[in-house]
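Please read them with the structure open beside the text.

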Amino acid sequence: MPYTYLDNLTTADVAFQATGETPEEMFISAAQATMAVMVPDLDSIDNLQTRRIYLKDDAIDMLLFQFLQELIFFKDAESLLLKVESVKIEQGNNQYELSAELGGEAADPDKHELVVDVKAVTLHKFQVAQTPDGWQAVVILDI
Amino acid sequence: MVQIKTAKRISQALWEIPTSYKPGMRVPARIYAGEKLFEQMEDGIIEQITNVALLPGIVDYAFCMPDGHWGYGFPIGGAAAMDTRDGVISPGGIGFDINCGMRLLRTNLTYDEVKPKLEHLVDTLYKRVPAGVGAKGIVRLSKDDFCNLVEQGSKWCHKNGYAWQEDLERTEHSGCIQPADSKKCTQKAIERGFNQIGTLGSGNHYLEIQVVRPENVFDKELAQAFGIDRPDQVVIMFHCGSRGFGHQVATDYLQTFLKVMGPKYGLNMPDRELACTPFQSPEGQDYFRAMNCAINMAFANRQMIAHRIREVFSDIFHKDPHDLGLEQVYDVAHNTAVIEKHSVRGKQRELLVHRKGATRAFGPGRDELPPIYRKTGQPIIIGGSMETGSYLLVGIESGDQSFFTTAHGSGRTMSRRQAKRQFRGDKLQQDMKRRGIYVRCVSHAGLAEEAGPAYKDIDAVVESTAQAGISKPVVRFIPIGNVKG
């Protein structure tokens, strides 16, 4: 699994480390880690609706912050549980641009085990780094 | 675990970390806790509360309450008062769940009257108070109506038939804080929140039916003044906040503040969650007005849930909610920054008091209190874990030492994952039923995360606040029924 939950960074909230060979892979891992806090069985989410998002930021960590925040936004605004179908990150003009296709369906307590809401992505100890093996992020979610 | 030698013991339940602990600390940090609670605190709390002491404009001390635990930015249980003229405002001193808070309703009913209907009551509350991930609210509002609601708070509910006049009086700020300007909230925040009015949420948010045993009344006269006036009386307590709307307001302004704090205001903090701007800056004032909308949204959210609780009790007992004595005792906010006047070394000053996972605890005589509580002091509602019990406290004069701030709950001591490894939700639910607590929950895994042993000893937390003289216990409540989001 390209993400692991960390016990030594927070008591009340949830911390995880996500990895990937490329920024895109790491972003997908981080999205999985975030959604799996709410719905541990991600396979129970069927791809019935899609949403496209475009984001830009001059820092890659804040791009990840915004990206994870989008998943939380759709969960509240449209009760949608979304997974990343595809994501592309491009760099140019001192700016990172992300486009992604998200797919999923409305939260349904009869179908999905819904554990706990993620309220927000926090910036406490938030970190995105390039490592010898690729990319890594450390994120604490507010529960 | 905290090294006791880090701090100087000021009194039985108060510890101080001097400014020499960390470069840049403007004031010492003060932690309220008995020795055992203090020793159990995580090192992260020391790091975070001493970071709070770095904030410009902080007055007297950076405070941490006895239920304090490791959070982001401020520790949960952190409080700091900033001068409104030259101090800062920081979303990290308020939290994402703006005005997460507690409401307490009393009844005329006793345990013997409720017991035969307890399961029916809890099952019906579970069905009719939306809870959990993705739940939609109990009223459909247009976005324009939602904007009115967030500017008016509980007043909107009263105008629309969801509140009694006295509910407003028995809510901090009468359920409507100003200045609140919905134009300072993003479209995203509005979209996240407009369909969530009257939802409980999840995590540590719950609705509980509780009983007051005669041996748990510590001050009969005050209990009476707060409507706790008969043996084995049943009350209803619930905990929830401003839902996605408040979370988004905080998220939006965290990003705004990060962009301007360094380049525009020359502010630099060791944790991005302590992003801040001068309170009097355009960004600071915009956030203040948006945050106040989230405070109002949470008041309205709890008001709608109170209305729904009255409907359910009325249906099940076939009586008007007035005849059931379903009056609101009080509603307290946990995560706010509010302008208050306080005496600082004999001088009246206007301060922006940040409380994050901490409760306002005004003593007797404060103008902000409604007439019925002006002589007694403010009722303070302390929610415990779902297994152990909760408290009603009162604010006292000596609370001025912490700008009238006290604890808010029992405070976690075990991480969520640890709790899930140690407890099983379905087994916990059965065990609790055997012990006389009937629980309905959206998720068993979510229930396991909230198991009693994952929290600090609520009795020790309350005792610490009493020893330190920041609040005084009035009544202890025992849970008998629980709805968990």
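1. I begin with one pair of residues: A:Tyr54 has A:Ser99 as its bridge partner in β5(A). Strands here are DSSP runs of E of at least two residues, helices are runs of H or I of at least four residues, and both are numbered from the N terminus. The strands concerned, β3(A) and β5(A), run antiparallel and are joined by 9 bridges, where two strands are said to pair if DSSP finds at least two bridges between them.

2. Before going further, please note that this is a predicted model, in which local features need pLDDT of at least 70 and side-chain atom pairs count only at pLDDT 80 or more, while totals for chains, interfaces and linings use all residues. Residues are numbered from 1 along each chain as its sequence is written, and chains are lettered from A and ligands numbered from 1 in the order in which they are written.

3. The pair in point 1 belongs to an open sheet of 3 strands in chain A, with the order β3-β5-β4 and antiparallel pairing. Its edge strands are β3 (49-57) and β4 of chain A, each of which pairs on one side only, and the twist from one strand to the next averages 15°. Helix α2(A) packs on this sheet and touches β3, β4 and β5 of chain A, its direction making about 150° with that of β3(A). Such angles are taken between N-to-C directions and run from 0 to 180 degrees, the axes being lines fitted to C-alpha atoms, for helices over the stretch in contact; contact itself requires that the C-beta atoms of two residues, placed from the backbone, lie within 7 Å.

4. Chain A has another open sheet, of 4 strands in the order β1-β2-β7-β6, again with antiparallel pairing. Here β1 (3-6) and β6 of chain A are the edge strands, each pairing on one side only, and neighbouring strands are turned by 15° against each other on average, direction ignored. Between β6(A) and β7(A) there are 8 bridges in the antiparallel sense, and A:Gln130 has A:Trp135 as its bridge partner in β7(A). Helix α2(A) packs on this sheet too, touching β6 and β7 of chain A, with a direction at about 135° to that of β6(A).

5. For chain A as a whole, there are 2 helices and 7 strands, which follow the pattern β-β-α-β-α-β-β-β-β along the sequence. A compact globule of 143 residues would have a radius of gyration near 15 Å, and the 14 Å of chain A agrees with this; the radius is taken over C-alpha atoms, and the globule rule is 2.2 Å times the number of residues to the power 0.38. Of the contacts in chain A with a separation of 6 or more, 63% are between residues 24 or more positions apart.

6. Which elements give two or more residues to the side of chain A that touches chain B? The contact takes 30 residues from chain A and 38 residues from chain B, and the elements in question are α2 (60-77), β6 (120-131) and β7 (134-142) of chain A. This side of chain A divides into 17 nonpolar, 6 polar and 7 charged residues, where Ala, Val, Leu, Ile, Met, Phe, Trp, Tyr, Cys and Pro count as nonpolar, Asp, Glu, Lys and Arg as charged, and the others, Gly among them, as polar.

7. Two residues other than glycine deserve a look for their backbone angles. A:Asn94, in the loop between β4 (80-92) and β5 (95-106) of chain A, has a positive phi of about 55°, and this residue is exposed, with 7 other C-beta atoms within 10 Å. B:Phe403, in the loop between β16 (390-394) and β17 (405-406) of chain B, has a positive phi near 50°, but B:Phe403 is buried, with 25 other C-beta atoms within 10 Å. The cut-offs are 20 or more other C-beta atoms within 10 Å for buried, 12 or fewer for exposed, and partly exposed in between, with C-beta atoms placed from the backbone.

8. Please also check the peptide bond between B:Gln178 and B:Pro179, which is cis with omega about -5°; B:Pro179 lies in the loop between α7 (165-169) and α8 (187-193) of chain B.
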